[in-house]
Amino acid sequence: MRLQLRDDTGAKVADLDDDAAPLAAYGPYNGYRIHVLDLDPSSLTSGGWLEDTSLVDKYKMSDEAYDKLHTNFRKFKEKMTPKSSTSEDKEQLEKHMEELCSKIKVGDRCEVEPGAKRGTIKFVGRAEALGRGFWVGVQYDEPLGKHDGMVKGIRFFECPQGHGAIVRPEKVKVGNYPERDPFEEEEI
């Protein structure tokens with residue numbers, strides 16, 4: 001079999017061909033998935049047997065009968081889905097994020113939650129490739145990140161591989177956060 005890392009659109013990002021490398025070395029993001037290609041010609045999957053759903057008998061229920069059920073996934077999903085926010089709420093969120101970013105400067109020392117990871121601010125601003133709003137790029141003191149400052153093929157900043165992260169501004173606290181001494185004993 002061959003393992004591939006695919007993004008949320010299904011496009012191949014990388015072949016996972018280095019057995020010694022951890023998954024983090026390939027820079028996965030939320031929504032990415034591992035796709036398994038079966039290379040065995042005698043396998044059941046070779047003829048699409050497991051992927052062609054038309055070959056499988058299915059139980060069918062009308063929408064009316066499904067809606068009459070006391071509990072069903074559709075009702076659960078409606079209950080769990082947040083109500084769409086208004087444009088006024090989105091503008092307020094944008095202003096809040098912009099205000100937070102105005103207090104964060106490139107070169108500042110910071111601590112990132114969760115995990116109280118310490119590092120240096122390397123990027124502050126909008127990054128539409130990552131999503132709406134403002135983002136903060138951090139170079140961690142230790143290899144706790146996911147990349148080297150390049151995300152989705154765009155270079156936001158430079159840092160050693162595995163030390164970079166891009167997070168929302170509300171996760172970042174700027175202040176006097178010196179590098180931790182790895183040999184310093186913590187009190188119990």
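Two strands are said to pair if DSSP finds at least two bridges between them, and strands (E, at least two residues) and helices (H or I, at least four residues) are DSSP runs numbered from the N terminus. The structure is a predicted model, in which local features need pLDDT of at least 70 and side-chain atom pairs count only at pLDDT 80 or more, while totals for chains, interfaces and linings use all residues. Residues are numbered from 1 along each chain as its sequence is written, and side-chain values use heavy atoms, with hydrogens and water left out.

**The sheet**

In the hairpin of strand 4 and strand 5, four residues lie between the strands, and G115 takes a positive phi near 105°. The two strands, residues 109-112 and residues 117-126, pair in the antiparallel sense over four bridges. Strand 5 is also joined to strand 6 (residues 134-140), again antiparallel, by seven bridges.

| Residue | Partner residue and its strand |
|---|---|
| V124 | V136, strand 6 |

These strands belong to an open sheet of five strands with antiparallel pairing and the order 9-6-5-4-10. Strand 9 (164-167) and strand 10 (172-174) stand at the edges, and because each has a single partner strand, one side of each is left without a neighbour in the sheet. On average, and with direction ignored, neighbouring strands of this sheet are turned by 40° against each other. Helix 3 (residues 87-102) packs on the sheet and touches strand 5 and strand 6, its direction making about 35° with that of strand 6; here axes are lines fitted to C-alpha atoms, for helices over the stretch in contact, and angles run from 0 to 180 degrees between N-to-C directions.

**A buried histidine**

H147 lies in the loop between strand 6 and strand 7 (150-151). With a relative accessible area of 6%, H147 is buried, a class that means under 20%, whereas exposed means over 50% and partly exposed lies in between (1.4 Å probe, protein chains only). Leaving aside neighbours within four places in sequence, H147 is in contact with residues including Y29, F157, H163 and I166, where contact means heavy atoms within 4.5 Å.

**A partly exposed isoleucine**

I34 is found in strand 3 (residues 33-37). I34 counts as partly exposed because its relative accessibility is 46%.
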